[in-house]
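Good morning, colleagues. Please turn to the sequence and the model on the screen, and I shall take you through a few of its features.

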Amino acid sequence: MAKTILAVDDSGSLRQMVAFSLKAAGYQVIEAVDGQDGLEKAKNQVVDLVLTDQNMPRMDGLTLIKSLRALSTYQRVPILMLTTESSDDMKAKGRAAGANGWLVKPFDPQKLTEVVKKVIG
């Protein structure tokens with residue numbers, strides 16, 4: 001059975017690129033338009049990996065990560081930030097919130113797929 005990835009980003013075109021790249025690699029992808037939508041979808045279906053942007057309306061990526069980590073089902077699920085934010089301070093905040101890794105936009109679809117394969121197989 002294909003592993004499922006939750007892609008959370010307020011940019012529709014970016015979500016499409018992520019979904020297209022990951023589906024081509026054999027993953028199932030659930031898309032969410034912001035952190036609040038992502039949290040609701042994550043509660044309805046446990047996924048194998050969460051990819052989230054940082055800067056989004058209603059709920060940002062760090063808040064989403066903290067909210068997911070508070071749920072018993074998401075304490076060990078890998079979470080990767082996919083964002084334009086690349087400062088050491090922001091990365092430290094991401095790690096403190098519970099992020100397992102960091103990818104900077106714009107991203108290379110092949111590199112994204114390679115990182116996902118390393119993280120969840």
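This is a predicted model: local features need pLDDT of at least 70, side-chain atom pairs count only at pLDDT 80 or more; totals for chains, interfaces and linings use all residues.

The side chain of Tyr27 comes to 2.6 Å from the backbone oxygen of Gly121.

Where does Tyr27 sit in the chain? Its place is the loop that links helix 1 (12-24) to strand 2 (28-32). Is this residue buried or exposed? Tyr27 has a relative accessible area of 7%, and because the limit for burial is under 20%, Tyr27 counts as buried.

Leaving aside residues up to four places away in sequence, the contacts of Tyr27 are Lys3, Ile5, Leu22, Val116, Lys117, Ile120 and Gly121. As for Thr52, 25 residues separate it from Tyr27 in sequence, and the distance in space is 16 Å from C-alpha to C-alpha.

Let me now turn to the nonpolar cores. The largest comprises 21 residues, and Leu6, Val8, Val50, Leu64, Ile65, Leu68 and Tyr74 have the most contacts inside it. At least two residues of this core come from each of strand 1 (4-8), helix 2 (35-44), helix 3 (61-69), strand 4 (79-83) and helix 4 (88-97). Helix 3 provides the largest share, with 4 residues.

Which residues does Leu68 touch, beyond those up to four places away in sequence? They are Leu39, Ala42, Val50, Tyr74 and Ile79. Apart from this core there is another, of 18 residues, including Ala7, Leu14, Leu80 and Leu103.

Thank you for your attention.

Methods
Residues are numbered from 1 along each chain as its sequence is written. Side-chain values use heavy atoms; hydrogens and water are left out. Buried means under 20% relative accessible area, exposed over 50%, partly exposed in between (1.4 Å probe, protein chains only). Contact means heavy atoms within 4.5 Å. A polar contact is a pair of N or O atoms within 3.5 Å; within protein, one must be able to donate a hydrogen and the other to accept it, and residues adjacent in sequence count only if both atoms are side-chain atoms. A nonpolar core is a set of buried Ala, Val, Leu, Ile, Met, Phe, Trp, Tyr and Cys residues joined through side-chain atoms within 4.5 Å.
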